[in-house]
Amino acid sequence: MKITRAQIYLTEIDGRRPLILRLWTDDGIQGLGEAALAYGIGVTGAAAIIEEMLRKIVLGRDPHDVEPIWSDLYDHTFWAKGGGPIIYAAISAIETALWDIKGRALGVPVYQLMGGSYRKDVRCYANGWSFRAVTADETAKAAEIPLKAGYDAIKFYPLATPIRNHPNGIFAHVSRREFDRDFEDLAVARVKAVRDAVGPKVDIMVDMSAELATADILRLGRRLEEFDLMFLEEPVDPFDPEGMKMVADGLRCPVAAGERLYTRYGFKRLFELRAVAVVQPDIGTVGGMMETKKIAAIAEMYNMRVQPHLCAGPVATAAALQVDACIPNFLIQELYPFRVPAHFDLVDQPLEPQVRNGRVAIPDRPGLGVDLVERNVAPFLRAEIALDD
């Protein structure tokens with residue numbers, strides 16, 4: 001079997017830009033992957049890098065050789081060693097598509113190729129429900145959205161400043177570490193309002209998005225401890241593991257981080273310092289599915305739990321669920337279930353609409369368990385390349 005053709009889809013739906021790769025083999029088997037850069041800046045760069053990687057390293061290869069191809073991408077791109085999100089998002093998309101092909105060729109879901117399933121469904125938490133809430137009362141009111149949808153775990157951004165009347169629901173982050181007592185009081189009031197609104201049995205997570213200086217986040221974090229957080233996410237810059245350790249040692253609530261770290265090598269210092277309780281690799285940027293499983297295995301050795309980061313498109317969600325099935329120290333899965341229907345309609349069986357009572361079944365169809373809906377992805381075709389080009 002050989003990889004003979006590829007299609008790259010750069011979608012744009014409601015302000016999000018899922019980048020989907022489809023590989024084809026000479027047997028007509030297809031495989032899907034996603035570069036998880038659906039927001040922020042960088043997705044067009046990842047699309048270009050995917051095309052270059054395919055032409056120079058991947059086309060003509062046997063798709064069953066997932067790890068040898070990954071190693072060649074790591075070694076022979078040169079810049080992957082020490083690389084960042086753009087190059088690893090490209091590698092992640094290719095690696096995921098290879099696993100999808102292999103699962104489809106063998107007639108099994110990908111989790112069966114990675115050791116089998118520990119669970120048939122997973123608990124999920126809802127994100128993306130708070131993007132239009134400014135005041136504490138508005139944030140508490142918005143929390144009714146995930147609760148009515150059946151979720152018993154939610155995450156939000158107490159430091160965010162929503163942009164009023166933005167059609168996509170978007171917010172601005174803290175910049176230049178600028179932070180004063182009034183803004184701190186607002187952040188605390190938002191968390192208190194949500195806890196009061198949802199009651200003691202709903203798990204709450206807060207994401208700090210690495211926006212504050214270490215001393216500021218320690219002070220704020222101590223004020224938030226009384227609200228019984230499931231975890232406090234990304235308190236300091238992802239490249240400051242020593243600062244992460246200071247925060248973890250200074251708080252009584254668990255600290256989570258990892259969405260902006262890449263490959264097991266990027267997580268090394270975080271593990272050595274035991275700087276977090278929960279690691280959050282993103283399958284679509286960390287280097288792929290097997291790289292996530294390897295990171296989870298190291299985390300298990302350090303008695304840490306794994307919560308795969310997820311904020312891209314429906315192919316990335318399908319990949320995450322496959323990995324969730326086969327890691328023993330899985331904690332909970334992030335989802336953005338309240339996006340517009342067109343976001344989920346890129347695939348035939350999107351997972352977010354299948355969530356019931358805060359849980360979703362792991363697909364047992366071959367491969368990742370989803371197929372593209374041709375009429376919905378066709379307008380977004382960015383590039384199509386073939387072995388003979």
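**Exercise 1. Describe how helices H1 and H3 pack against each other.**

Step 1. Helix H1 (residues 43–58) packs with H3 at an angle of about 55°, and their axes are 9 Å apart. Helices (H or I, at least four residues) and strands (E, at least two) are DSSP runs numbered from the N terminus. Axes are lines fitted to C-alpha atoms, for helices over the stretch in contact, and angles run from 0 to 180 degrees between N-to-C directions.

Step 2. H1 is therefore oblique to H3. Angles under 35 degrees count as roughly parallel, over 145 as roughly antiparallel, 65 to 115 as roughly perpendicular, and the rest as oblique.

Step 3. H1 and H3 cross in a right-handed manner. A crossing is right-handed if the near helix is turned clockwise from the far one by less than a right angle, and left-handed if anticlockwise.

Step 4. From H1, Gly45, Ala46, Ile49, Ile50, Met53, Leu54 and Val58 meet Ile86, Ile87, Ala90, Ile91, Ala93 and Ile94 of H3; contact means heavy atoms within 4.5 Å. This contact has twelve nonpolar residues, one polar and no charged. Ala, Val, Leu, Ile, Met, Phe, Trp, Tyr, Cys and Pro count as nonpolar, Asp, Glu, Lys and Arg as charged, and the others, Gly among them, as polar.

The model is predicted: local features need pLDDT of at least 70 and side-chain atom pairs pLDDT 80 or more, whereas totals for chains, interfaces and linings use all residues. Residues are numbered from 1 along each chain as its sequence is written, and side-chain values use heavy atoms, with hydrogens and water left out.

**Exercise 2. Describe how H1 and H2 pack.**

Step 1. The angle between H1 and H2 is about 110°, with the axes 11 Å apart. The two helices are therefore roughly perpendicular to each other.

Step 2. Met53, Ile57 and Val58 of H1 meet Ile69, Asp72, Leu73 and His76 of H2. By class, the residues of this contact are five nonpolar, one polar and one charged.

**Exercise 3. Identify the residues that touch the most other members of the largest nonpolar core.**

Step 1. A nonpolar core is a set of buried Ala, Val, Leu, Ile, Met, Phe, Trp, Tyr and Cys residues joined through side-chain atoms within 4.5 Å. Buried means under 20% relative accessible area, exposed over 50%, and partly exposed in between (1.4 Å probe, protein chains only).

Step 2. Among the 128 residues of the largest core, Leu21, Leu54, Leu220 and Leu224 touch the most other members. Helix H3 (residues 85–106) gives the most to this core, with eleven residues.

Step 3. Not counting residues up to four places away in sequence, Leu54 touches Ala6, Leu21, Leu23, Leu59, Ile94 and Ile385.

**Exercise 4. Is Phe156 buried or exposed, and what is in contact with it?**

Step 1. Phe156 is found in strand S5 (residues 153–156). Phe156 is buried, with a relative accessible area of 1%.

Step 2. Leaving aside neighbours within four places in sequence, the contacts of Phe156 include Trp129, Thr139, Arg190, Ile204 and Val206. Phe156 and Val206 are 50 residues apart in sequence, yet 5.3 Å apart in space, C-alpha to C-alpha.

**Exercise 5. Locate Phe78 and Asn303, each with a positive phi although not a glycine.**

Step 1. Phe78, with a phi of about 70°, is in the loop between helix H2 (66–76) and H3. Phe78 is exposed, with a relative accessible area of 58%.

Step 2. Asn303, with a phi of about 60°, is in the loop between helix H11 (289–301) and strand S12 (305–306). Asn303 is exposed, with a relative accessible area of 70%.
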